[in-house]
Amino acid sequence: MANKSGRVGSSRTVLEFLFAAKEKERSFRVFVAEGAPRYQGHLLAKELIARGLQTTLISDSAVFAMISRVNMVIVGAHAVMANGAPVGYLG
């Protein structure tokens with residue numbers, strides 16, 4: 001059974017992580033939230049598909065319904081606080 005990964009936003013580090021996992025022949029599918037209002041998820045999904053990753057674009061409102069189906073959520077961060085909390089564009 002393939003692992004399923006959820007993604008929100010866009011991060012070059014996370015993209016490289018996913019590309020490296022694909023190169024190591026890991027089996028997984030990525031669910032990408034659309035990321036309104038800028039819809040960064042559309043661009044992210046397009047890039048993932050172009051690199052051959054199994055990708056499904058979902059609406060932001062569908063994240064709640066999909067979260068029980070994923071094994072992990074990968075989130076990029078602009079910084080990490082001393083207590084381990086990530087700091088991203090969402091705050």
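Trainee: Which residues make up the largest nonpolar core?

Mentor: One caution before that: this is a predicted model, where local features need pLDDT of at least 70, side-chain atom pairs count only at pLDDT 80 or more, and totals for chains, interfaces and linings use all residues. Residues are numbered from 1 along each chain as its sequence is written, and side-chain values use heavy atoms, leaving out hydrogens and water. Now, the general idea: in soluble globular proteins, nonpolar side chains tend to be buried together. A nonpolar core is a set of buried Ala, Val, Leu, Ile, Met, Phe, Trp, Tyr and Cys residues joined through side-chain atoms within 4.5 Å. Here the largest one has twelve: Val 14, Leu 15, Leu 18, Phe 19, Ala 21, Phe 28, Val 30, Val 32, Leu 44, Leu 48, Leu 53 and Ile 74.

Trainee: Which elements each supply at least two residues of this core?

Mentor: Helices (H or I, at least four residues) and strands (E, at least two) are DSSP runs, numbered from the N terminus. Those elements are helix 1 (12–23), strand 2 (28–33) and helix 2 (40–50). Helix 1 gives the most, with five residues. Overall, there are three helices and six strands, in the order β-α-β-α-β-α-β-β-β from the N terminus on.

Trainee: Is Ile 67 buried, partly exposed or exposed?

Mentor: Buried means under 20% relative accessible area, exposed over 50%, and partly exposed in between (1.4 Å probe, protein chains only). Ile 67 has 44% relative accessibility, so this residue counts as partly exposed. Look for Ile 67 in the loop between helix 3 (63–66) and strand 4 (72–74). Of the protein's 91 residues, 30% count as buried.
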